Amino acid sequence: MSTAPATAPAPERPLPIPTRESQPHWDGMREGRFMLQHCSGCGKVRHYPRPVCPHCFSMESAFKEAPTGGAIHTWTVCHHPFNFFFKAAAPYIVALVDMDAGVRVNAQLRGISEADLKIGKRVRLGFEPVNKEVTLPFFVSD
Ligand SMILES: [Zn+2]
């Protein structure tokens, strides 16, 4: 009788599952473009992408390319990731950024030490291809 070695499967990276509404946003990421959904009824940005405008209830929208710059609103240093995939990268920084386009985006912040972080520090969005379909955002110092 033999026993199989007890090996846990490697944790998988959690990835977004694009919806009909968010597909143009993720297509833009793949092309290195920050695409935001704009309401065709009132003109306001809808982020995250969704079918109905929270301001005027219009279901019409169009995607437009937005600038990739922004300023740090806040951040956290992750020492104990919620997902085992990220354990090897810990500690890492996740920033919530006020984008120049008027929306907030959170993503990993790279290449900046914790000592250099400041609220209001300028950062810009970068694009990390993960596979053929998915490219994820991250922030770097501007
Ligand atoms: Zn609207």
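F139 is in contact with A95, V97, A107, L109, R110, V123, R124, L125 and G126, leaving aside residues up to four places away in sequence; contact here requires C-beta atoms, placed from the backbone, to lie within 7 Å. The model is predicted: local features need pLDDT of at least 70, side-chain atom pairs count only at pLDDT 80 or more, and totals for chains, interfaces and linings use all residues. Residues are numbered from 1 along each chain as its sequence is written.

**Nonpolar core**

- The largest nonpolar core has 13 residues, of which I72, A95, V97, L109, V123 and F139 touch the most other members.
- Such a core is a set of buried Ala, Val, Leu, Ile, Met, Phe, Trp, Tyr and Cys residues joined through C-beta atoms within 7 Å, where buried means that 20 or more other C-beta atoms lie within 10 Å of a residue's own.
- At least two residues of this core come from each of β1, β4 (69-78), β5 (92-99), β6 (104-109) and β7 (122-129).
- β5 gives the largest share, 3 residues.
- Domain 1 (18-66) and domain 2 (67-142) each contribute at least three residues to this core; the domain bounds come from an automatic or database domain assignment.

- An open, antiparallel sheet is formed by 3 strands in the order β2-β1-β3; strands are DSSP runs (E, at least two residues), and two of them pair if DSSP finds at least two bridges between them.
- β2 (45-46) and β3 (61-66) are the edge strands, each pairing on one side only.
- β1 (residues 34-39) pairs with β3 over 6 bridges in the antiparallel sense, and F34 stands opposite A66 in β3.
- Helix α1 (residues 23-30) lies across β1 and β3 and runs at about 155° to β1; helices are DSSP runs (H or I, at least four residues), and angles run from 0 to 180 degrees between N-to-C directions of axes fitted to C-alpha atoms, for helices over the stretch in contact.

Technical notes:
Contact = placed C-beta atoms within 7 Å. Buried ≥ 20, exposed ≤ 12 C-beta atoms within 10 Å, placed from the backbone.
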